[in-house]
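Okay, thanks for coming, everyone.

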Amino acid sequence: MTAPLLEVSGLKTQFPTASGVAKAVDGVSFRLERGEVLGLVGESGSGKSVTGFSLIGLVDEPGRIVEGSVRYEGRDLVGLPTSDLRRIRGKEIAMVFQDPMMTLNPLLSIATQMRLAIAAHERVSKAAARARSVAVLARVGIPAPESRLDAYPHQFSGGMRQRVAIAIALLHRPKIIIADEPTTALDVSIQAQILTEMKMLVDEIGMAMIWISHDLATVSSIADRIAVMYAGRIVESGPVGAVLRDPRHPYTQGLLDSLPSRTRPGEELRQIPGTTPSLLNLPQGCAFAPRCPRADDLCKAVPVESVAMDRTYRCHHPETQRSAA
Amino acid sequence: MLGFIIQRLWQAGIVILAMSVLVFCGVFAVGNPIDVLISPDATQDIRAQVIAQYGLDQPLWRQYFTFFGRMLHGDFGQSFVYNMPVTQLILSRLPATLELVLFAVVGASLIGIPLGMYAGYRHESPAAKIIMGLSILGFSVPSFWIGLVLIMTFAVQLGWLPAGGRGETASLFGIQWSFLTGDGLKHMLLPAINLALFKFAMMIRLARAGTREIMLTDTIKFARAAGLSEGTVLVRHVLRLIAIPLVTIFGLELGSTLAFAVVTETIFSWPGLGKLIIDSITSLDRPVMVAYLMLVALLFVLINFFVDLTYALLDPRLRRARA
Amino acid sequence: MISKNSFLGRFFQEFARNRTATLAALVVLVIAVLAIFAPLVAPQDPYDLANLVLRDARRPPGYVGTTGMLHVLGTDSQGRDLLSAILYGLRISLQMGLLAGTIAFSVGAVVGTSAAYLGGRFEAIIMRVIDLQLSFPAILLAFVIAAMLGQGAWQLIMALVFAQYAYFARTAHGAASAERHKDYVEAALSTPLSARRVVLRHILPNSLPPLIVVATVQVASAIALEATLSFLGVGLPPTEPSLGMLIANGFQYLLSGRYWISIYPGVALIILIVSINLVGDQVRDQLNPRLKR
């Protein structure tokens with residue numbers, strides 16, 4: 001058996017603040033196989049974005065990775081010098097961000113921004129860079145890419161801008177693309193388009209993808225596997241169908257129950273009582289315990305990861321079968 | 001774009017007109033030039049003759065219109081003291097000030113911006129703290145005193161550089177410039193440093209603040225995620241994004257440096273405009289004062305105009321909005 | 001007594017945490033005390049001509065004069081004890097800076113606030129003039145006005161005020177117009193409360209913090225401006241030698257190596273300005289809610 005494309009184990013990323021250490025990522029482990037799409041789901045503040053950034057060593061100051069490893073094709077990226085990491089960013093592992101308004105430089109033309117991204121890893125002529133940029137723009141569905149190449153970001157709509165950002169991420173045909181809520185800031189109709197196109201591109205190029213989102217519905221339509229994060233930990237993971245059909249962790253169950261599509265018309269939306277805990281002050285045991293209907297004294301100890309088939313979950317009292325909806 | 005230019009030119013014209021009234025009335029309030037022009041024991045006839053010659057017997061508004069009409073033709077009258085056309089006098093002094101100011105501001109920017117960007121990029125490092133300390137000093141210490149210390153250290157104690165004057169000049173386009181000769185450059189170094197220190201401090205502060213802010217944005221994160229080297233990120237993205245406020249300040253500082261040159265030129269006996277205006281004020285040479293102030297106003301208006309144009313060049317969003 | 005929970009109490013507590021700023025505040029305080037009590041502290045009254053011995057002129061630091069007096073910082077071109085001259089000079093510089101600063105503060109606050117309050121044409125014209133004025137360097141304005149008005153303390157203060165009020169006016173206008181359009185002020189204005197009360201009770205207090213920040217910067221810059229103008233000979237008359245004039249007087253002796261006449265007054269000036277700026281920086285950081293996290 002060969003090593004997985006990406007294997008994250010025991011990853012901890014912390015942010016020292018004036019009022020204590022925020023444990024944004026607190027022991028996250030997962031694997032990503034070639035060509036696989038992993039959906040990383042969680043509420044805002046659950047540490048899913050920080051996890052994404054930690055993979056390529058782009059944690060905001062003063063945060064840092066304090067423990068764990070990120071093995072890409074067997075090589076640990078944690079603690080790698082910036083110059084080595086830089087050679088992997090964009091070339092092997094690329095990233096797309098949430099808000100295309102904020103990611104593209106408003107003062108540089110698309111051509112310049114794409115050329116800089118190409119030049120970061122290869123020495124190519126201006127003409128060759130242009131040709132490649134046009135080809136990739138065409139691929140992500142930008143009409144008349146040749147004439148749009150010299151335009152500036154403000155001359156594109158939000159959806160088109162996100163396509164440009166995706167094109168930049170695809171320039172080097174990376175093996176992994178990390179998509180951090182790339183559709184959240186877009187109109188619903190555009191969201192669906194981008195989602196389908198991303199799925200197609202991933203299949204065509206044979207990339208693996210980590211799709212980070214708070215939206216379980218979006219993730220379920222694109223991911224092969226799913227990992228649910230809560231307060232810096234992955235509480236449940238497994239093949240998307242299995243997890244959605246038969247959630248083990250009460251938090252996953254809660255998320256599913258609160259989906260509008262799962263509610264019959266006229267029925268009240270169900271929600272998880274309580275709020276997410278502060279990362280500065282996590283409970284001793286299971287972080288979800290204060291909100292969990294099944295919590296008891298046992299939950300004061302951190303639950304271990306249970307592995308069953310290709311699924312894992314962290315709960316002392318897992319749901320045994322899907323509750324009636 | 002054309003509409004924008006016309007609108008700005010129109011505004012500039014009004015500003016110049018308002019300035020001419022203010023300056024003329026203001027300067028008229030300064031002392032009585034007749035006392036300076038004529039020795040106290042001159043006869044009444046000579047007095048009257050001189051007063052008539054300079055038009056000082058006319059009512060103020062009349063004098064203004066004469067002045068304004070002439071000004072449009074670039075004629076600011078005769079200097080009372082130097083006995084030559086003011087325009088000619090000012091033009092003969094302008095190159096000295098211009099080269100000094102340009103050297104100072106360009107030098108301050110070329111050194112200050114990279115230092116400021118570094119201080120913003122590695123804002124926790126000891127080097128960054130030293131840079132910031134320098135800039136606080138540059139802000140606080142009055143520039144005339146720095147001039148004195150520079151003279152004391154490099155001219156008097158070490159004897160490396162001359163304490164004043166323009167040194168040898170060479171001719172280019174029929175104008176004498178100091179920067180073309182080694183000796184002239186030597187003479188220019190101390191006054192240019194003196195003049196540059198304040199701008200230097202300001203460029204450091206602005207570049208640092210801008211860099212710190214920009215480094216936190218998603219634009220930079222995205223560029224890094226694409227594998228751009230830190231150097232490329234700083235030069236192609238950060239520098240570009242902080243350029244707009246820097247250009248404004250560069251422009252405004254170019255103007256205020258012209259004004260500050262008054263102090264530096266006095267200390268280093270640099271024969272430029274600043275020295276001329278100081279001398280004119282002490283000798284109540286009205287035409288020179290008026291012409292100098294009008295020139296400064298004109299320069300400010302022009303600089304602001306070019307700063308606005310540069311904005312449009314730097315920011316594609318404005319280009320479209322104003323086109 | 002200031003209670004620990006009052007706004008001022010918390011302000012001072014936070015201030016004391018910055019050691020540099022605290023030290024700077026202490027220096028400002030010491031200089032202020034020395035300046036106020038200069039006649040008691042100074043070894044000599046530098047303006048009493050009877051005290052001056054020409055033979056003692058331009059002597060280096062540590063020189064013992066003919067009267068047996070020790071001149072710690074040497075003497076100036078007229079045989080004055082330099083230390084005494086500096087203390088008296090500080091007194092004049094501080095006086096000028098504070099007076100000009102206070103008047104500029106008041107004028108600026110009134111102009112800015114009333115522009116924001118009255119609005120319309122008046123506001124547009126006033127703010128246009130202020131913007132225009134701000135685009136000219138303060139030193140040039142002060143210089144021209146001082147030159148027009150001639151030498152003298154009040155003339156100089158007028159020049160400084162004219163050069164600086166615009167900064168206060170702009171700040172006050174910004175703060176006041178932000179406040180003016182808030183709902184509660186609109187509401188207060190529609191009640192029988194007098195407009196004056198609204199301005200005094202609501203608009204002005206909210207403009208104070210930014211104005212205080214501007215004030216610390218402007219007092220320091222007024223002192224520097226005053227020194228510069230006096231150095232150029234358009235400031236105070238020679239009978240009231242501020243630090244700037246002391247420096248100017250020593251300038252001609254600098255080239256012959258008698259550095260102390262110019263340098264020591266300059267050092268005093270810089271210590272004063274840098275200290276005020278450091279205090280001002282800290283006050284600004286504390287009053288600026290954007291920097292607090």
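Let's start with a helix pair in chain B: α5, residues 86-121, and α8, residues 182-215, have axes that come within 5 Å and cross at roughly 35°. Keep in mind that this is a predicted model. The handedness of the α5(B) and α8(B) crossing is right-handed. As for what sits in that contact, the residues of α5(B) and α8(B) there split into 24 nonpolar, seven polar and four charged.

On top of that, α8(B) is mostly covered, with 26 of its 34 residues buried.

For a contrasting case, look at α4 of chain B, residues 60-72. Why does its length agree with expectation? Its 13 residues should span 18 Å at 1.5 Å a residue, and its end C-alpha atoms are 18 Å apart, so the two agree. Just after α4(B) you'll find G74(B), which takes a positive phi of about 75°.

Okay, zooming out to the whole of chain B. There are 13 helices and two strands in chain B. Its C-alpha trace spans about 85 × 60 × 35 Å along the principal axes. Of the 323 residues in chain B, 41% are buried. If you take the contacts in chain B with a separation of 6 or more, 71% of them are between residues 24 or more positions apart.

Chain C next. It has 11 helices and two strands, and reading along the sequence of chain C you get α-α-α-β-β-α-α-α-α-α-α-α-α. Buried residues account for 46% of the 293 residues in chain C. In chain C, contacts between residues at least 6 apart in sequence join residues at least 24 apart in 67% of cases.

Last topic: how the chains touch. Between chains B and A, 20 residues of chain B are in contact with 25 residues of chain A. On the chain B side, α9 (218-225), α10 (230-267) and α13 (316-322) each supply at least two residues. Which of the elements gives the most to that side? That would be α9(B), with six residues. By class, the side of chain B that touches chain A has seven nonpolar, six polar and seven charged residues.

Then there's the other interface, where 31 residues of chain C are in contact with 29 residues of chain B. The chain C side draws two or more residues from each of α6 (138-149), α9 (195-232), α10 (243-254) and α11 (260-287) of chain C. The largest share, eight residues, comes from α11(C). How many charged residues are on the side of chain C that touches chain B? None: that side is 24 nonpolar and seven polar.

Technical notes:
Residues numbered from 1 in each chain as written. Chains lettered and ligands numbered in written order. Predicted model: local features only at pLDDT ≥ 70, side-chain atom pairs only at ≥ 80, totals over all residues. Axes fitted to C-alpha atoms, helices over the stretch in contact; angles between N-to-C directions. Helix = DSSP H or I, 4+ residues; strand = E, 2+ residues; numbered from the N terminus. Left-handed = near helix turned anticlockwise from the far one by under 90°. Nonpolar A, V, L, I, M, F, W, Y, C, P; charged D, E, K, R; others polar. Buried ≥ 20, exposed ≤ 12 C-beta atoms within 10 Å, placed from the backbone. Contact = placed C-beta atoms within 7 Å. Expected span 1.5 Å × (residues − 1).
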